[in-house]
Amino acid sequence: MAKYVYDFTEGNRNLKDLLGGKGANLAEMTNLGLPVPPGFTITTDACRHYLAEGSLPDGLEEEVAEHLAALESRMGRKLGQPDDPLLVSVRSGAKFSMPGMMETVLNIGLNDESVHGLAKQSGGNERFAWDSYRRLIQMFGKTVLGIDGDLFENALDRLKGRRQDTDLDAGELQRLVETYKGIVREQTGKDFPSDPREQMRLAVMAVFDSWNAPRAILYRRQERIPADLGTAVNIMAMVFGNYGDDSGTGVAFTRDPGSGRQGVYGDYLQNAQGEDVVAGIRNTIPLQELERIDPDSYRELLGIMETLENHYRDLCDIEFTIERGKLWMLQTRVGKRTAAAAFCIATQLVDQGLITMDEAVTRVTGDQLAQLMFPRFDGGAEKKRIAKGMNASPGAAVGKAVFSSERAVELAGQGEDVILVRRETNPDDLSGMIAAKGILTSRGGKTSHAAVVARGMGKTCVCGAEELEVQTAERRFTAPGGVVVSEGDVISIDGTTGEVFLGEVPVVPSAVVEYFEGVAEPADELVKAVDRIMRHADAARRLRVRANADTPEDAARARRFGAQGIGLCRTEHMFLGERRQLVEDLVLATTDEERQAALDALEPLQKADFIGIFRAMDGAPVTIRLIDPPLHEFLPDLVELSVKAATQEATEKDRRLLSAVKRLHEQNPMLGLRGVRLGLVIPGLFAMQVRAIAQAAKEVPGARPEIMIPLVATVQELESVREEAVKILAETGVDALIGTMIEVPRAALTAGQIAESAEFFSFGTNDLTQMTWGFSRDDVESSFFHRYLDLGIFGVSPFESIDRDGVGRLIEIAVAEGRAARPDLHLGICGEHGGDPASVHFCHDAGLDYVSCSPFRIPVARLEAGRAALSGNDSDTR
């Protein structure tokens, strides 16, 4: 028969899956001989059964009764015993810490009879007894019975007026109990349950139910905690911090969770129970004050803190209660900390000999490193928030609002900081995005054009701020509350939170970025810690890290950030701006002469681009993707052109252009004439690019070009382009690998055939995800992804982190079949996922050779590649 209940003496900290973090750690402290009130834990297995079946599992109530009897025997009194009651607390405790997200009920076992026994047990302290009873009804009413907590709070506030709750006497608290019981009766139609065992049973089910409370679901989604873990329930003998001034409750940290500095950190509250500290009903005092109030308990607490930190080899977060001068430990866990503290603590523990550098690398995450790299707004500054959108690309940006790329370039050229504000961006906005300090859009999601390009450039970006009505023609936007921001007005955007502020908010620069950029040597403790961990991660990792970079400037920055090559150079980005007309001429050419003229004009421009990139990479490999734009990006807008062609001012060229655009118009350009298809349909296009690559490589000693053919779905497409490319390379005497981008599901499923003609694969996971799921990444995030997340259909967008079961399975198939056909096949990934921590772990597990990501995410990928190598198959990046 399944075992659902464990005494604290039976568990240990390695049983978090079964006992939850709180139960496992209570058991560990019990085993260490620390003063823990006795109790037992109901397992997560019981919770999962309850949530799935809607009832407690068979045998659970009998097990609970057995353990309760053992607890009663040990304590020498029974639960709710009228003359000498045992009281218990019922607390949640999931595998991963979810502070404040689920439920707790204290003082279970009190009723109209046992409250008098509690008073007697406490030496006649009537006030303490009635205070404990009112707390039970208040917590039980809100947590178990679902009554609005404000009803209880308002009743308490009316009674105490301007006084503290500690100023209420026994008589007043007794009257408050009657008021609370009336609230319960009025709101539920039933009396407050007086049976202690019924109180405990209902409280256990309420804790189970709280696993699926909205705030718990939201927290799990934010922290990427699986929804199927469930929570354990801990039932513990009550100890009381609300006996009087010789009692109290507190929270302590073994180090500062904000900075990592060692010392005494925490809060203490006299004459209170544990929930009072977090509820903020009274001002706490610094933990150091406990030395004056109760020096013996203070010294004992410091000793226990040292014991726990040395035992857990990490920052510990501790909850404790002092009952009449006796210290009790109620909880410990590895404490949450800021990103800065995480890096500092990891290296401090190495220096203390508590952990190795291998462990230090696994103690920090790429997400924490990313937080340290972006500038932030000064937390103490005044701010006027006017809107909130999606936190598309982290950082803090301040500048004048502008509503066109041209104006952004113009003002930036005059030394002004600007924020480009658009409904949404498109490739023609690239120049303005480069010029701007940040980008703000009222439409789009985290994988919209604005978001993807901004992340690639390390630009702050807020997308999908739907509260804003952007009026581009009028050069202004309106925000809720009648706020109007016109061009030239200063705004501030926070890409970490998605917030938009009116006016200038002071920005604090990132010393970590200055370190990566080589602007400053490691000086302060934080940057030194980052430097040590990054060096060790680089030495440990198997995956190489390349950059997605399209310009010499991006390539140079990528090198400074530690890139070992370029994994994706997108040549279509080289054809925007003033060159767009040349591509338009090429696409719309109707004769061989027109087409060749356009190609001849483009080739020297391409060659110059490649020379600059090869020089910036200084002998590192450069994977160049041949042109792969959806065709509509280079054609005039059909509607605008139709309107123009219908006017009297229309020229013959306009009408000819309209005819050509109609001929080439596509309902779904992302699945149309692009990639290898465009290269096969327009003779000479790919040949021109290959020739430009080869000629550029000849002029740059040590250049290592790799030519990537995009959107291949069948080996015949690749063979056709490869044959021509090999001939051109032979003519110029340049060696270059020729491979393909795996971004069509059919290519992944026929990878064995394709590998016979490809020397490398680069997985384009943006399109591979789009085609596997049948999602248009430009549309779905803003239309229905939020609902999918709410329903738990997926915990994180598949465009943010690789879908291991679907897209990941295709990649694994392609890796296995590709390497079977060509053992020396080189494998990498160049989609947005290349900089996502969880996806880097997947790439390590799948056996890829490298990941490629935007320059700004390179340090994150380097760190996560090291963590993946040092933590085996553990892909937990929390």
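**Buried residues, ring pairs and a helix**

User: Why does Phe761 count as buried?
Analyst: Phe761 has a relative accessibility of 0%, and buried means under 20% relative accessible area, with exposed over 50% and partly exposed in between (1.4 Å probe, protein chains only), so Phe761 counts as buried. This is a predicted model, in which local features need pLDDT of at least 70 and side-chain atom pairs count only at pLDDT 80 or more, while totals for chains, interfaces and linings use all residues. Residues are numbered from 1 along each chain as its sequence is written, and side-chain values use heavy atoms, with hydrogens and water left out.

User: What makes the pair of Phe761 and Phe763 edge-to-face?
Analyst: Rings of Phe, Tyr and Trp (its six-membered ring) pair if their centres lie within 6.5 Å, and planes under 30 degrees apart count as stacked, over 60 as edge-to-face and the rest as tilted. By this rule the count comes to 19 aromatic pairs. For Phe761 and Phe763 the centres are 6.4 Å apart and the planes stand at 80°, so this pair is edge-to-face. Phe763 is buried, with a relative accessible area of 0%.

User: How do you know that Phe775 and Tyr788 form an aromatic pair?
Analyst: Their rings are 6.5 Å apart from centre to centre, with 75° between the planes, and the pair is edge-to-face. Phe775 lies in the loop between α31 (765–773) and α32 (780–791), whereas Tyr788 is in helix α32, and the two are 13 residues apart. Helices (H or I, at least four residues) are DSSP runs numbered from the N terminus.

User: Which class do the relative accessibilities give to Phe775 and to Tyr788?
Analyst: Phe775, with a relative accessible area of 8%, is buried, whereas Tyr788, at 27%, counts as partly exposed.

User: What makes the charged end of Arg546 sit over the ring of Tyr850?
Analyst: A charge sits over a ring if NZ of Lys or CZ of Arg is within 6 Å of the ring centre and within 35 degrees of the ring normal. The charged end of Arg546 is 4.2 Å from the centre of the Tyr850 ring, and it sits over that ring. Lys3 likewise lies over the face of Tyr6, at 4.7 Å from the ring centre.
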